[in-house]
Amino acid sequence: MGSSLPTISECQSAYPVHTANDIRWGIIGCGKVSADFCEAFRAVSHGRIHACASRNLRRSVNFGKRYGVKPDKCYGSYEELLADPEVQVVYIATMHVYHKDHAMMALKAGKHVLVEKPMAMNAREARTVVDLARSCNLFLMEGLWTRCFPAVREARRLLNSGVIGRVTSVFSDFGKHVDPSRRADPKHCRGATLDMGIYPIASAEMAFTGLVPSTVAAAGVIDENTGSDLAASVSLVYGRRETASIHYTKLAATPLETRYVGTDGVLTLSPGHCPTELKLEINLPEGCGRRGWVRTRKYPLPRVMHCQKFHYKNSQGFAYEAKEVIRCIKAGSMESPEYTLDESIAVAETCDMILRELGVAFPMEDRKAITAPTTPAGAHPSDFSQRYAMRRQQRNRRRKQKAAGSKDFSPADFKDKDVKHAEDSKDEVYKVDDEGEIDLGIFSIAPIGPDGKEIDPRDLEVVEVSRVDRGTYASDASETGTVDIKRNHFSPT
């Protein structure tokens, strides 16, 4: 007997009984992630899947049939769904590069928003979305579902209680084998950092909330054809004594664990991004005559009735996330305490720094808007990841020079030259007299004036170079104060 789609009445019977007070959801994007979300929604009460939208109407209708959406609520455009006055909250699961735009469309339409991670392509875009949500007094949450799992909530409670002492280190990984045809997609920003790395990065953020990484060292594998990141190992230093070591990859499966190491014990979550097990190990001082102890607790996933198919591991856990959104909206909260908007921005800032270390920039990204890392003046590249990125840039630059037959200049050739700032361009090229160009590559500029505020480089017409060396490019701006352009590398072409 051939398989066929269930009827709307059959689909609706698989969900809890609806009431007039249910929160009505609209689904933007009808892919696999949205399908898993709707499957898990069968375990959610006080909410219903009311509408769905895809750019392909037929796909939207087929999707809606599986999850009890009436045909007239299956839309062929996102604008139509957002114009539906009955939709209260939208779940956005489109391609990464569109998350920011679709979230802003929904907020401007007066809808609460749950947007899949990453919320945006960089921290600047994330702040734009957050500012709009706050100004509109609407709920917004980045869909990092990990934070809503009961095991993670308990882990956070234990960390805050100090049961393992002061947390000194976090170890977290997330890796799975991804089909080569889907590994690197710069057009849709599906690099490993934004696709997978965000999970272990957020795990570190949970332990060190409020702290900004003072040091970021990253080494990774870059797809030679597309320039997207396929894997990376990252070391983060928070303050002076807190560290995080994270690894993520699209090339192979990893153990999927997150460990919080404290002065008195260790807390382990497994699988790290969707945990169903929490292990607590307590260490007792040597010589006390007693041994430490270990406790392990299992957290079963929600029971989903009449489930058809899940595409991803532990997708039943989407129910936790949906319940948290419904709870917040009913309580009048504009963000979830499980994963605040400030935490989303902090994680985005860390992702920016890692991608900069790896030498990755996506085609549609405005690289000049990303704040440069605060490298100490005169500092030299000290880790192999920076040296790798520099060598890669130098190699590409030499190829271009060879093709154009251009001369290679030494930094010494540019001492005591007037640096004239070029027009605002995505390549950030600054002209030096008529002898050549100083290529600032993918690094951004954040000059600081005497009042401590950033200066727009375009406001500095002529800058005299006072010192040029391998690690730092420092300049003085007349009548504006000292401008310290902190650089990891200087290589004029």
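A crossing of two helices is left-handed if the near helix is turned anticlockwise from the far one by less than a right angle, and right-handed if clockwise. In this predicted model, helix α6 passes helix α11 in a left-handed crossing. Helices (H or I, at least four residues) and strands (E, at least two) are DSSP runs, numbered from the N terminus.

The model is predicted, so local features need pLDDT of at least 70 and side-chain atom pairs count only at pLDDT 80 or more, while totals for chains, interfaces and linings use all residues. Residues are numbered from 1 along each chain as its sequence is written, and side-chain values use heavy atoms, with hydrogens and water left out.

Helix α6 spans residues 123-136 and helix α11 residues 341-358. Their axes lie 8 Å apart, at an angle of about 165 degrees. Axes are lines fitted to C-alpha atoms, for helices over the stretch in contact; angles run from 0 to 180 degrees between N-to-C directions. The two helices are therefore roughly antiparallel (angles over 145 degrees; under 35 is roughly parallel, 65 to 115 roughly perpendicular, the rest oblique). On the α6 side, Ala 123, Ala 126, Arg 127, Val 130 and Arg 134 make the contact (heavy atoms within 4.5 Å). Their counterparts in α11 are Leu 341, Asp 342, Ile 345, Ala 348, Glu 349 and Asp 352. By class, six of the contact residues are nonpolar, none is polar and five are charged. Nonpolar covers Ala, Val, Leu, Ile, Met, Phe, Trp, Tyr, Cys and Pro; charged covers Asp, Glu, Lys and Arg; the others, Gly among them, are polar.

Asp 342 and Arg 134 also form a salt bridge, with the closest N and O atoms 3.3 Å apart. A salt bridge is a side-chain nitrogen of Lys or Arg within 4 Å of a carboxyl oxygen of Asp or Glu. The pair links α11 to α6 across 208 residues. Asp 342 is partly exposed at 49% relative accessibility, as is Arg 134 at 41% (buried is under 20%, exposed over 50%, partly exposed in between; 1.4 Å probe, protein chains only).

The structure holds 18 salt bridges. Another joins Glu 338 and Arg 153 at 3.7 Å, N to O. Glu 338 lies in the loop between α10 (318-331) and α11, and Arg 153 in helix α7 (residues 150-161), so parts 185 residues apart in sequence are tied together. Glu 338 is buried at 16%; Arg 153 is partly exposed at 33%.
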